[in-house]
Amino acid sequence: MFAILFLIFIVFTLVYGLFSAAILYHLNQYAVPGNTQSRVVISSFIFLSLLFWFFAIYFLVEIRMAT
Amino acid sequence: MLILGEGEKILTVMRKHWFVMLRTVITIMVLLLLPPVVLTVLPLAHFGVEQVLVEQVTNFVLSLYVMVLILFLFLFWMDYFLDMWIVTTERIIDVTQEGLFNRTISEIPLSHIQDITIEVRGIIETFLKFGTMRIQTAGEREFLIEDTPYLYETKDIIVAELRKKQPTKESRDQEAKPHE
């Protein structure tokens with residue numbers, strides 16, 4: 001059970017990281033210079049992503065403990 | 001990356017009205033309501049395994065689920081943010097972003113503009129003050145700026161810039177004078 005969920009988590013993190021990097025690259029490359037709106041949204045996205053990523057790790061550890 | 005010519009300045013940047021984003025935002029909000037529903041219903045169900053384990057697995061899956069929604073919302077916002085019309089002192093640039101891998105950029109010089117038409121259709125566009133601007137160019141295709149707010153202000157900016165570029169009566173007279 002834990003091994004399968006751990007594998008899912010690793011694959012998910014890789015795909016999520018790849019897509020996030022692609023979006024951030026596009027925003028850095030193509031945004032109009034001097035625009036601050038994108039910085040606020042990028043910061044919020046990174047913060048929320050990390051928050052739920054740590055939640056996922058926490059629950060994964062809890063599953064490990066429970067099994 | 002946007003590269004401006006020498007002396008060229010950005011006059012305004014237009015994006016679609018927020019109302020265009022509303023449908024996707026509502027869909028994501030509805031999908032975000034799913035985790036509380038699952039967490040409420042789950043204690044009532046029995047899966048033949050320990051309830052604590054079921055709860056932990058559910059919490060784990062819901063964390064990934066919320067991350068997917070955040071990523072989808074961010075991707076949609078990027079699409080909205082990079083889809084824009086840039087009016088500069090020299091040209092109008094139309095940047096169309098469709099997802100991550102499709103990007104179209106077209107532009108017309110301000111000097112090619114012959115006619116600007118503003119269309120506001122329907123009750124929603126009238127109340128929320130957005131619509132379509134049609135720019136007719138000399139011998140080229142029609143340029144469309146769709147679902148954007150501040151249409152009249154943008155038209156005034158373009159017209160003012162065009163007037164600046166037009167030769168004044170004195171300079172025309174000067175040019176018309178025969179050389180002695």
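Predicted model: local features only at pLDDT ≥ 70, side-chain atom pairs only at ≥ 80, totals over all residues.
Student: How many residues of chain B are in contact with chain A, and which element supplies the largest share of them?
Tutor: On the side of chain B, 25 residues are in contact with 27 residues of chain A. The elements of chain B that give two or more residues to this side are β1 (10-15) and α3. The largest share, 18 residues, comes from α3(B).

Student: By class, how is the side of chain B that touches chain A made up?
Tutor: In soluble globular proteins, nonpolar side chains tend to be buried together. On this side of chain B, the classes are 21 nonpolar, three polar and one charged residues.

Student: Are α1(A) and α3(B) roughly parallel or roughly antiparallel?
Tutor: The axes of α1(A) and α3(B) lie 11 Å apart, and the helices pack at an angle of about 15°. Their crossing is left-handed. Angles under 35 degrees count as roughly parallel. The relation of α1(A) to α3(B) is therefore roughly parallel.

Student: Which residues of chain A does B:M78 touch?
Tutor: Leaving aside residues up to four places away in sequence, B:M78 touches A:I23, A:H26 and A:L27.

Student: Which element supplies the largest share of the largest nonpolar core?
Tutor: This core holds 29 residues, of which A:L60, A:I63, B:F60, B:I70, B:F74 and B:M78 touch the most other members. At least two residues each come from α1 (2-30) and α2 (37-66) of chain A and from α3 (51-82), β2 (84-88) and β6 (130-137) of chain B. The largest share, twelve residues, comes from α3(B).

Student: Is A:R64 buried or partly exposed?
Tutor: A:R64 belongs to helix α2 of chain A. A residue is buried if 20 or more other C-beta atoms lie within 10 Å of its own, and exposed if 12 or fewer do. Because A:R64 has 14 other C-beta atoms within 10 Å, A:R64 is partly exposed.

How values were computed
Residues numbered from 1 in each chain as written. Chains lettered and ligands numbered in written order. Core = buried A, V, L, I, M, F, W, Y, C linked by C-beta atoms within 7 Å. Helix = DSSP H or I, 4+ residues; strand = E, 2+ residues; numbered from the N terminus. Contact = placed C-beta atoms within 7 Å. Axes fitted to C-alpha atoms, helices over the stretch in contact; angles between N-to-C directions. Parallel < 35°, antiparallel > 145°, perpendicular 65-115°, else oblique. Left-handed = near helix turned anticlockwise from the far one by under 90°. Nonpolar A, V, L, I, M, F, W, Y, C, P; charged D, E, K, R; others polar.
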